[in-house]
Each structure stands twice: as C-alpha cells, then as structure tokens.
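Please consider the following structure, shown with its sequence. A short report accompanies it.

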Amino acid sequence: MCQAVLEHYRLLPLLPRFNIRLGFGEKCVEEVCRLNHVTTEFFMEISNAYLDDDYIPQTDLSLFPLGDLVGYLTSTHHYYLEVAIPKIERKIHQLLDGSALSEKERGLVSGFFDDYRKEFLEHVSREDKLVLPYILELEKEYMKEKPDAEFMKRLQVYTIRDFAREHDRLETSLENLSRLIIKYLPPFEDFDLCHQVLTDLSDLVRDLIDHAHMEDKVLVPRVAEIEQHLLRKSEAG
Amino acid sequence: MKRVNFILCIEAYLLCKGVAAVLQRIPGASVVREFGTVDMLTHYLKNHAVDFLLICDTLFEKATDLFIEDPGLLERTILLKINPVRPEGAGKFKEIIYLTDGKQEITFKIKELLNPYFRNHREEPQSTLTEREKTIVRLVSMGLTNKQIADKLFLSTHTIITHRKNIIHKLGIKSVSGLTVYAIVNNIITIDEVT
C-alpha cells in the first residue's frame, strides 16, 4: 500500500474518503482495505478511474454494493465543502488582507469566491438529497422479489443518464480565478501565500475533474446497469 | 487541450523508446503505454480505450487473435515496418511507418491522423460565445440588470433572459461575479470598467 501511494501521490486525498489512515506498515492494499471495511475491488476501481483518464471499469461491476459508492461520494462532497473550499477561502482572505488591491479588485475576488461556494453547495446538496438517496432506493428495489410499482413508474421517466446530462461543470470557474490572479490583478506582496492559493486551486480543479470522471465512468454505468435489469425484469414479470 | 492517445507495442527496446520520443514531440499526441510483448498489450486493451495502436510488424503477426476479437482495432492501428521485404497488406492499416522514413514524413503521417480529432474539437459549440452574447456578458459585468440591458440593446427582456440561459449553458457559469471574472480573463472587459 505504501508503494502504491508513493508512486501515485494523487491517491493521498482519496484515503480519508475511505476512512483509511496512514501508518500502513507492511500491509498490502487488500489488508488495509479489509481492516478499514472497504471492499478491495471497489477501492481499486475508484483508484484506477481516478488515476487513469482512459480507464474503463471491468465489465463485472456487480462486485461491490452501491452503498459503498454512495458512502464514497458523500465523504468526497464532505471533503470539498468542509476541507478544500474553506481552506482556499481562508487563504484568499488572508491574501487580500495583506495586499495593495483596490476596493473594487478585492470585492471582485471575494465576491467571486463567495458565489462559487454557494453554487457548489447547491450542486452538492442536490446530489446528496436527490441522486444518492435515489441510488440507495434503486438498490433496495433491485434486491426485492417484486419491485415497487410506483418506483418503476418513476424509473421509466427519470434515470441516472438524465442526471448525468444535467450535471454542471464545477471546475471552469476556478480556472478563471487562477487566470485572473496570474494575468490581471496587480501582483501580491506575499508571493508564497499566492503560490499556495494557486496550487490549492489547481489541486481542487484536478480533483474535481477526476471526481466527475469517476462519476461518469464508474457510478453512472453501474447504476444504469441496475436500472436496465430492473426494467427488463418488470417487463418480463 | 485534448490529447490523442497512442499505445506502442514494439519488441526492440531502443526502437520503442525512439518512437515514443518522436510521438511525444508532436503537439496533441500522447504515448500512454509502451509494451514489448503481445500478452501485456492484450491485457491492457481489455480495460482501456485507446485512440491508436502503433505495433511493429514482427509483433503484429503474433497478435492476430487481438484483431479477430476486435475487428475495429485494425482501423486504429499503425504498422511500424521493420522488415522491408515482406508484404505488409497495404490499405488495411490506418497508416504505415517505415524505418527509413525521415522526420518530415513521420510527422506528416502522425499529424494527418490527429487532424480529425482537433477539427471536431474546435467545432464544439461550448465556450465560444457569439458577439451578441459577449456584449451581454460585458453589460452584466458592468452591473446592468436584464431590463437595463434590454433597453440598451433595443431587445425584449425575454430575449435577454434567453441569451443569458444560453450563456450559462455554454460556460457553466451562473453568478454575476463568475461571469465578471470570465469577462476579464477573456478580454471582454477590463477590471477598470467593472463596477
């Protein structure tokens, strides 16, 4: 496990989302997963999709329960809202406080980030309140001998593919903010802090792209597969 | 920028490294994996999508199963011809590169392969605003309301709202502050003009 993290540094932010802590000792990936109650296949699938842009999940996606996926997504959202975004916001305010920027420029940057946080929150709550419960319900119906008629009716109208279509991109705005700082704002005195802000922004952008990629390549196909099963089952029955 | 992915399957190590180095220098091309055996290639292709496979003639002969399994693969395959005598079945490969090819020939061949990808890419409607939309983004950044913009451009408020919806759709940016920053970094407005 240590080897995997050292070789793929981008795995680091993933670990807390699985509740995995450092201090692996000589344990391999499988042991670490088992000790932390994480399905190994699931961990591998997520890590691969996260690290490799061209990765297509193995055909047998039914190895792990959807509850794992939902849990992972929830803790990722939590990480963005509680850790990544507040961290950047704090640093931006610190940067602005010590800068020689005009009132207008200051307002532009802080107003921008404020709105961004609100939009982000809106986006994530939509997923947490609508999409994730839907996935859990879907799995429950799938396990039943006879799925609920009301649920099946809804499934014929709205599927995970519709959700994927409505999915906004959250990283574009952040890239614009970096450009604004690099190109158009007067230079900041505290270059080191400015560097940290830009690095944090670029890390978050990268993370969001990977996250979206994971949703498109792992979550959506897996959920769509179950939807198809259910629909076929109900047609046959 | 979009990258077009190549995987290499070449037995001779020096040759493989050389081909990879040449490809990496061509803008838009990216070598994602290099293999020296067909086994490893087969395994990789099971789980990965690639744009192009570049394979040397000696290994191609050993990889027939792969091409039977996925008939579409041949259309994405570039043959690296090491043995000049054996016939290569011209026409069935996407492209053939010869050991005797010069820098210009190779670069030309690869760029021809990349062209369709980037042509499509440029045509994507995303992120390119029309002149009218740019004007609206500019006025929004200056703090004007939809009503004020409508009056200024002699349009109905309804039309402005439609334009704004299209802008949100194209850029994925909803808030006024987000649009303002977009307008600055895309030279639609200067910081001084922003209210």
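## Basis and confidence

This is a predicted model, in which local features need pLDDT of at least 70 and side-chain atom pairs count only at pLDDT 80 or more, while totals for chains, interfaces and linings use all residues. Residues are numbered from 1 along each chain as its sequence is written, and chains are lettered from A and ligands numbered from 1 in the order in which they are written.

The model has an ipTM of 0.75 and a pTM of 0.70. Within chain B, helix α7 (residues 146–153) has the highest confidence, at 95, and helix α5 (residues 103–123) the lowest, at a mean of 78. The pLDDT falls below 50 over residues 121–125 of chain B, a stretch with two contacts beyond near neighbours in sequence. Where pLDDT is low, predicted coordinates should not be read in detail.

## Helix pair in chain A

Helices are DSSP runs (H or I) of at least four residues, numbered from the N terminus. In chain A, the axes of helix α4 (residues 66–97) and helix α5 (residues 103–143) come within 10 Å and cross at roughly 170°. Axes are lines fitted to C-alpha atoms over the stretch in contact, with angles from 0 to 180 degrees between N-to-C directions. The crossing makes α4(A) roughly antiparallel to α5(A), a term for angles over 145 degrees.

## Contact between chains

Chain A supplies 22 residues to the contact and chain B supplies 20; two residues are in contact if their C-beta atoms, placed from the backbone, lie within 7 Å. On the side of chain B that touches chain A, helix α9 (residues 176–185) of chain B gives the most, with seven residues.

Definitions and conventions
Helix = DSSP H or I, 4+ residues; strand = E, 2+ residues; numbered from the N terminus. Parallel < 35°, antiparallel > 145°, perpendicular 65-115°, else oblique. pLDDT = per-residue confidence, 0-100.
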